[in-house]
Amino acid sequence: MSTTVSRNPYTGDEINSYKNYSKQKVAEIIDKADKQFYNWRETSFAERKKLMLAAASELIKNKEEYANTMTLEMGKPITQAIAEIEKCAWVCEYYAQNAEKHLENEVIKSDAYKSYVSFEPLGAVLAVMPWNYPYWQVFRFAAPALMAGNIGVLKHASNVFGCALNIEKIFKRAGFPDYCFSTLLIGGKDVEAVIENKKIKAVTLTGSGPAGASVASIAGKNIKKSVLELGGSNALVVFKDCDIEKTVDTCVQARFQNTGQSCIAGKRLLIDASISEEFTEKLLVKVRELKAGNPMDEDTFIGTMAREDLAEDLEKQVNESIKAGAKLLIGGKRQGAFFEPTVLTNVTKSMAVFKEETFGPALAITTFKTEEEAVELSNNSKFGLGVSLFTKDVKRAETLAFQFEEGAVFINELVKSDPRLPFGGIKESGYGRELSKYGIREFINKKTIYINK
Ligand code: NAP
């Protein structure tokens with residue numbers, strides 16, 4: 001049986017070693033999850049709500065414990081890790097309060113005496129999840145799934161198995177019945193057999209394009225619903241009439257929080273050429289101020305990246321782009337899993353830092369002269385997760401929003417997730433939505449009820 005070792009990316013030390021689950025153990029868990037579904041779906045919203053609120057309380061009560069595991073396993077600075085745990089409590093509370101309303105029968109007038117849509121759960125749903133927000137990604141799937149009467153089965157990224165087991169523990173401590181939510185300690189290659197299991201009714205994956213394509217094709221072959229939340233290369237589009245000071249601060253946050261390892265990070269800064277010099281100078285001052293260091297220290301903002309190989313990938317993209325003519329303004333060096341906060345300018349469409357996703361602390365600056373050029377540059381990406389527009393002319397930005405091929409347009413704000421708003425992408429950023437009423441309706445049978453007297 002294979003084992004998976006978790007390693008602290010800051011110290012390189014081994015944290016723990018996990019025995020991967022055997023095929024038999026996985027099949028047993030799925031059997032029990034499926035059995036539990038037929039009880040769980042009968043529970044009332046009030047009962048589910050009580051348990052989901054208990055999960056929120058458990059997260060808050062032991063936030064330091066849960067955040068510590070995250071920081072040790074994937075290097076997220078501790079204050080950002082605690083904020084992530086608090087956000088998980090928020091999504092639990094949101095769905096505890098709103099699930100019933102989002103899933104109320106929808107009466108539709110037809111030829112029938114009475115006709116309506118009943119929103120009903122599907123069963124056990126597999127969630128294949130990434131390490132970058134190791135709790136948030138899971139809770140934003142699990143809270144709506146469980147509130148809707150579905151069952152959660154998690155396959156987490158192999159470097160955050162400690163977080164995965166903690167999540168199972170959180171639902172247990174909150175009082176959820178056994179097998180409402182289970183963690184499988186398995187590798188990516190074991191996912192195919194899980195999707196093929198008849199008792200798994202649907203699958204959601206948050207992660208890279210290749211993993212998404214593989215999971216979706218297996219789901220397709222087995223005629224199962226899938227949702228994909230994949231990569232992104234969001235643009236920060238800065239118009240010349242923006243509030244420069246505020247925009248600089250927002251752009252620094254958008255690119256460098258979570259050490260740049262976010263699908264919705266602003267990776268490409270597109271700026272009107274007439275203000276680019278002033279803006280870049282101010283931006284560099286702020287980037288120099290970012291405090292890098294031990295992720296366990298409360299004043300650390302930039303931690304190590306989650307794994308050394310990921311830092312090496314970023315180094316390659318940065319070096320290739322410099323070779324192709326980009327100008328390095330700050331950073332660019334790697335030491336183990338640590339990558340300096342980096343800013344490149346004179347970036348063009350053909351460079352790696354523009355056309356590929358950069359999953360770490362590196363910002364690529366490109367200038368534009370016209371609004372049309374700004375839209376064209378922003379859309380010139382295989383991804384379509386989100387874009388931020390910065391301007392004082394909010395009306396113009398609102399009109400322009402239609403032209404951006406994205407799942408979200410944020411005006412004078414960084415792209416962020418919020419339990420109340422739908423989240424997801426188009427193009428190679430995936431399909432389907434999480435969060436809000438749209439998210440809870442993904443793994444749902446929209447059943448038509450037609451009655452004649
Ligand atoms: P990843 O390598 O695709 O891994 C994500 C998950 O998929 C892990 O659990 C991984 O397991 C599993 N996996 C990998 N290959 C697989 C395969 N062929 N079949 C089945 N499962 C497979 O991605 P990552 O490096 O962890 O995460 C970074 C990526 O996620 C970035 O592209 C980022 O943009 C994207 N992301 C998107 C969103 C969004 O909401 N759109 C949010 C966060 C991250 P193992 O760890 O065992 O390999």
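The model is predicted, so to speak, with its own ground rules: local features need pLDDT of at least 70, side-chain atom pairs count only at pLDDT 80 or more, and totals for chains, interfaces and linings use all residues. Residues are numbered from 1 along each chain as its sequence is written, and side-chain values use heavy atoms, with hydrogens and water left out.

The protein chain is assigned domain 1 (3-230 + 429-451) and domain 2 (234-418), with bounds taken from an automatic or database domain assignment. Their C-alpha centres lie 30 Å apart. The contact (heavy atoms within 4.5 Å) takes 25 residues from domain 1 and 29 residues from domain 2. Between them, the domains bury about 2,200 Å², 55% of it on carbon and sulfur atoms; buried area is the accessible area (1.4 Å probe) that two parts lose on being put together, summed over both. On the domain 1 side, Y10, W131 and S429 lose the most area to domain 2, together 26% of what that side buries.

What about charge pairing across this boundary? The count of salt bridges (a side-chain nitrogen of Lys or Arg within 4 Å of a carboxyl oxygen of Asp or Glu) between domain 1 and domain 2 is zero. Ten residue pairs, both at pLDDT 80 or more, are in polar contact between the two domains. A polar contact is a pair of N or O atoms within 3.5 Å; within protein, one must be able to donate a hydrogen and the other to accept it, and residues adjacent in sequence count only if both atoms are side-chain atoms.

The structure holds ten aromatic pairs, that is, rings of Phe, Tyr and Trp (its six-membered ring) with centres within 6.5 Å; planes under 30 degrees apart count as stacked, over 60 as edge-to-face and the rest as tilted. The rings of Y66 and Y135 have centres 6.3 Å apart and planes at 50 degrees, so this pair is tilted.

The structure holds 24 salt bridges. In one of them, E245 joins K282, with the closest N and O atoms 3.2 Å apart.
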